[in-house]
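I opened this notebook to record what I looked up, step by step, in the structure shown below.

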Amino acid sequence: MKIATYNVNGVNGRLPVLLRWLEETKPDIVCLQELKAPQEKFPEKAISDAGYKAIWHGQKSWNGVAILSREAEMEEIGRGLPGEDEDIQSRYLEVMINGIVICCLYLPNGNPAPGPKFDYKLRWFQRLTERAATLLAFNTPVILVGDFNVIPTENDVYKPERWVKDALFRPETREAYEALVSQGWTDAIRHLYPTEKIYTFWDYFRNAYARDAGLRIDHFLLSPKLDKRLIAAGVNRDVRGWEKSSDHAPVWIELLDK
DNA sequence: ATGCCGTGGAAACCACGA
């Protein structure tokens, strides 16, 4: 079973690229972030014609997450993170597929930091960590997947010294990520590739992709025991080089079917 | 050190992203 995540940066503007990538790689489950489309403007027909069922949580202009499934039935558990009633940003969607809880997330960017946006990022992170603990307590397989907007370590960025004051790499952010992971989660990419330079995002500016000036900010966190089913993982780097690409590349993992 | 590009929505510019 192949599961992928892709921050599309606009699901409608990205539709040709998204459909080509789905056709070429045929993941079984897909988590999308940054739909940038209201609920009624999600391209349901095109996704359906491509062979995928979809559940999505849209929002006008910003954010938005979706989960697609090619064959397996998919049941929604919930949308939005508990813990802050006034939070109306569409950044979290939770479904059950094949006995696995899939949590598709788009963690706030948090810049400029410090400031209210960074405070929101840290609050959101705390809520995610609480939800993650709740899910772990059920002892069912869970995957936290998506755009975390976190550079976990110096090995996950082309030039760490340039990012130390950035909301993606500040100590508070890395500590929050470490606190979450230490609940017992496995960072799938790092589990298989402990030391390699692996990036999932390259800025549109300054020829970043050609220079390989990238960041690793899209992650799969696997609940205990699920790591034993992890057989492969990678980044579809070439997609970042396609015409009209997102600034993120798709990331994928392959799990042993149970 | 930097929003230089890209997207969406509204309005012919601006907010926002990382």
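Before listing any sheet, I note that two strands count as paired if DSSP finds at least two bridges between them. I also keep in mind that the model is predicted.

**Entry: the sheet from β5 to β9**

I first looked up the sheet that runs in the order β5-β6-β7-β8-β12-β9, and found it to be an open one of six strands with mixed pairing. Its edge strands are β5 and β9 (186-187), each of which pairs on one side only. At the β5 end, I found that β5 and β6 are antiparallel and share five bridges, and that the bridge partner of E75 in β6 is M96. I then asked how many of the six residues of β5 are buried. The number is zero, so β5 lies largely in the open.

Further in, strand β7 (residues 100-106) and strand β8 (residues 142-147) run parallel and are joined by six bridges. As one pair to look at, I noted C104, whose bridge partner in β8 is V145. As a reminder to myself, strands of a sheet pair through backbone hydrogen bonds, either parallel or antiparallel.

**Entry: the sheet from β3 to β13**

I next followed the open sheet of six strands with the order β3-β4-β2-β1-β14-β13, whose pairing is also mixed. Here the edge strands are β3 (53-57) and β13 (230-235), each pairing on one side only. On average, and with direction ignored, neighbouring strands of this sheet are turned by 15 degrees against each other.

Strand β1 (residues 2-7) pairs with strand β14 (residues 251-255) in the antiparallel sense over four bridges, and A4 stands opposite W252 in β14. β13 is likewise antiparallel to β14, over five bridges, with V235 opposite V251 in β14. Is β14 enclosed or in the open? Four of its five residues are buried, so β14 is largely enclosed by the rest of the structure.

**Entry: T200 and its contacts**

I looked up T200 in the loop between α5 (188-192) and β10 (201-202). With 25 other C-beta atoms within 10 Å, T200 is buried. Leaving aside residues up to four places away in sequence, T200 touches R216, I217, D218, V235, H248, A249 and V251. I checked the C-alpha distance from T200 to R216, and it is 4.9 Å although the two are 16 residues apart in sequence.

**Entry: Q89 and N63**

Q89 sits in the loop between β5 (74-79) and β6 (92-97) and is partly exposed, with 17 other C-beta atoms within 10 Å. Residues up to four places away in sequence aside, Q89 touches Q59 and N63. Between Q89 and I151, which are 62 residues apart in sequence, the C-alpha to C-alpha distance is 22 Å.

**Entry: backbone angles**

I then listed the backbone features that stand out, recalling that most residues other than glycine have a negative phi, and most peptide bonds are trans. N63, which is not a glycine, has a positive phi of about 60 degrees. N98, also not a glycine, has a positive phi of about 50 degrees; N98 is in the loop between β6 and β7 and is partly exposed, with 17 other C-beta atoms within 10 Å.

Which peptide bond is cis with omega near -5 degrees? It is the one from N111 to P112. The bond from A113 to P114 is cis as well, with omega near 0 degrees. P112 is in the loop between β7 and α3, and P114 lies in the loop between β7 and α3 too.

**Entry: helices α3 and α4**

The axes of helix α3 (residues 116-137) and helix α4 (residues 171-181) come within 10 Å and cross at roughly 5 degrees. The two helices, α3 and α4, are therefore roughly parallel to each other. On α3 the contact is made by L122, F125, L128, T129 and A132, and on α4 by E172, A176, A179 and L180. Sorted by class, this contact has seven nonpolar residues, one polar and one charged.

**Entry: the surroundings of DNA strand B**

Last, I looked up what surrounds DNA strand B, and found 26 residues, of which the closest are G10, G13, K36, N109 and N111. The residues of this surface divide into nine nonpolar, nine polar and eight charged.

Note on methods
Residues numbered from 1 in each chain as written. Chains lettered and ligands numbered in written order. Predicted model: local features only at pLDDT ≥ 70, side-chain atom pairs only at ≥ 80, totals over all residues. Near = placed C-beta within 6 Å. Nonpolar A, V, L, I, M, F, W, Y, C, P; charged D, E, K, R; others polar. Axes fitted to C-alpha atoms, helices over the stretch in contact; angles between N-to-C directions. Parallel < 35°, antiparallel > 145°, perpendicular 65-115°, else oblique. Contact = placed C-beta atoms within 7 Å. Buried ≥ 20, exposed ≤ 12 C-beta atoms within 10 Å, placed from the backbone.
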